[in-house]
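Me: I have a new model to read. Can you take me through how its strands and helices are arranged?

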Amino acid sequence: MPELPEVETVCRQLNEVIAGAQIKEVRILDAKLGPAPEVEGRGVVSVARCGKSIGIKLDDNRTMRIHLRMTGRLFWQDDAESAYTPDYSRLTIISTAGRLDCLDPRRFATLRMEDEASVSALPPDPLEDFNATRLRKVAGSRKISVKSFLMDQRFISGIGNIYACEILHDAGIDPSEKVADLSSAQWRQIAKATTPILRKAIACRGTTVSDWRDLFGRPGEYQQFLKVYAREDSLCPRCHSKVKRVKQGGRGTYYCPSCQKGLKNIKRSKINNEAGKNIPHRRQKGINRAATTICRHDPGCRKNIDWSKAGTSGGERITRR
Ligand SMILES: [Zn+2]
């Protein structure tokens with residue numbers, strides 16, 4: 001699914017070629033998209049991303065909003081009269097600058113017209129005004145995992161599975177950690193990791209691990225910088241442990257179990273270490289449970305007994321069966 005860097009890439013590329021042009025015709029090739037919008041003769045002012053959607057702003061203050069969803073992408077041809085219709089094209093926009101097709105094998109992409117009044121308040125966008133305080137406020141005391149939180153478009157715009165995995169790896173946070181349990185420092189780590197990762201992915205024109213292509217049909221290049229996503233069993237570049245894949249909310253989550261330890265694991269090992277100070281060495285290791293030393297006077301007593309002095313200090317060695 002195209003995420004923020006892929007959609008931003010397409011918006012910037014489309015803005016370059018179509019801003020200032022006039023729309024001549026809109027052809028709907030798949031009735032599921034609804035009727036063709038009445039935009040013939042309108043000028044294109046600009047193209048900008050909003051979350052994961054593409055907004056083509058017209059000179060009458062309306063916006064054609066295209067959401068690529070799962071498998072949608074846009075394809076540009078400079079020749080407005082081109083007779084080439086790419087496979088799976090569902091929508092063609094002919095302008096004075098060229099021909100734009102929206103291809104979508106799985107037919108989930110959507111098109112709708114929006115006027116200025118219908119634009120609603122937006123969640124934080126990772127490329128604008130994005131910081132730990134704002135994130136923590138949005139998260140509140142929700143009991144959802146931090147990965148689900150990052151991917152939920154009601155809370156943050158534009159992040160999907162690929163970049164959520166990469167951001168959490170960079171921040172060193174277990175993807176299953178609940179947002180309510182995250183510390184201020186962890187929120188700062190997330191905010192600090194997010195924008196640079198997304199900006200670099202934009203500079204690489206997105207990530208192509210399967211079918212993503214930019215406006216001109218070229219694959220992205222960020223896949224060569226992925227640290228964990230789609231890298232199961234390869235070595236984590238930070239600690240050289242094996243990257244693991246688990247299912248989380250129906251999606252594959254890639255992470256390094258060694259440098260993305262959850263609070264639960266950290267707490268458990270801390271408790272064990274602290275408790276371990278009072279546990280005899282043999283019991284800490286979980287060995288020799290059959291032959292153990294008990295207090296002669298009180299078999300329920302579990303006092304620490306020094307083996308070297310057993311037999312002289314009131315302890316005796318027995319064998320439990
Ligand atoms: Zn690691």
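Reply: Start with pairing. Two strands pair if DSSP finds at least two bridges between them. One caution: this is a predicted model.

Me: Which residue stands opposite R99 in β7?

Reply: I94 does. The two strands here are β6 (residues 89-95) and β7 (residues 99-103). They pair in the antiparallel sense, over five bridges.

Me: In what order do the four strands of the open sheet come?

Reply: Read across the sheet: β1-β6-β7-β5. The pairing is antiparallel.

Me: Which are the edge strands?

Reply: An edge strand pairs on one side only. Here that describes β1 (23-28) and β5 (73-77). The sheet also twists, on average by 15 degrees from one strand to the next.

Me: Now the helices. At what angle do the axes of α4 and α5 cross?

Reply: Helix α4 covers residues 161-171 and helix α5 covers residues 184-203. Their axes come within 8 Å and cross at roughly 130 degrees. Angles over 145 count as roughly antiparallel, and 65 to 115 as roughly perpendicular. The angle here therefore makes α4 oblique to α5.

Me: Is that crossing left-handed or right-handed?

Reply: The crossing of α4 and α5 is right-handed.

Me: Which residues of α4 and α5 meet?

Reply: From α4, look for Y163, E166, I167, D170 and A171. They meet Q186, Q189, I190, A193, T194, I197, L198 and A201 in α5. Sort the residues of this contact by kind: eight are nonpolar, three polar and two charged.

Methods
Residues numbered from 1 in each chain as written. Predicted model: local features only at pLDDT ≥ 70, side-chain atom pairs only at ≥ 80, totals over all residues. Axes fitted to C-alpha atoms, helices over the stretch in contact; angles between N-to-C directions. Parallel < 35°, antiparallel > 145°, perpendicular 65-115°, else oblique. Left-handed = near helix turned anticlockwise from the far one by under 90°. Contact = placed C-beta atoms within 7 Å. Nonpolar A, V, L, I, M, F, W, Y, C, P; charged D, E, K, R; others polar.
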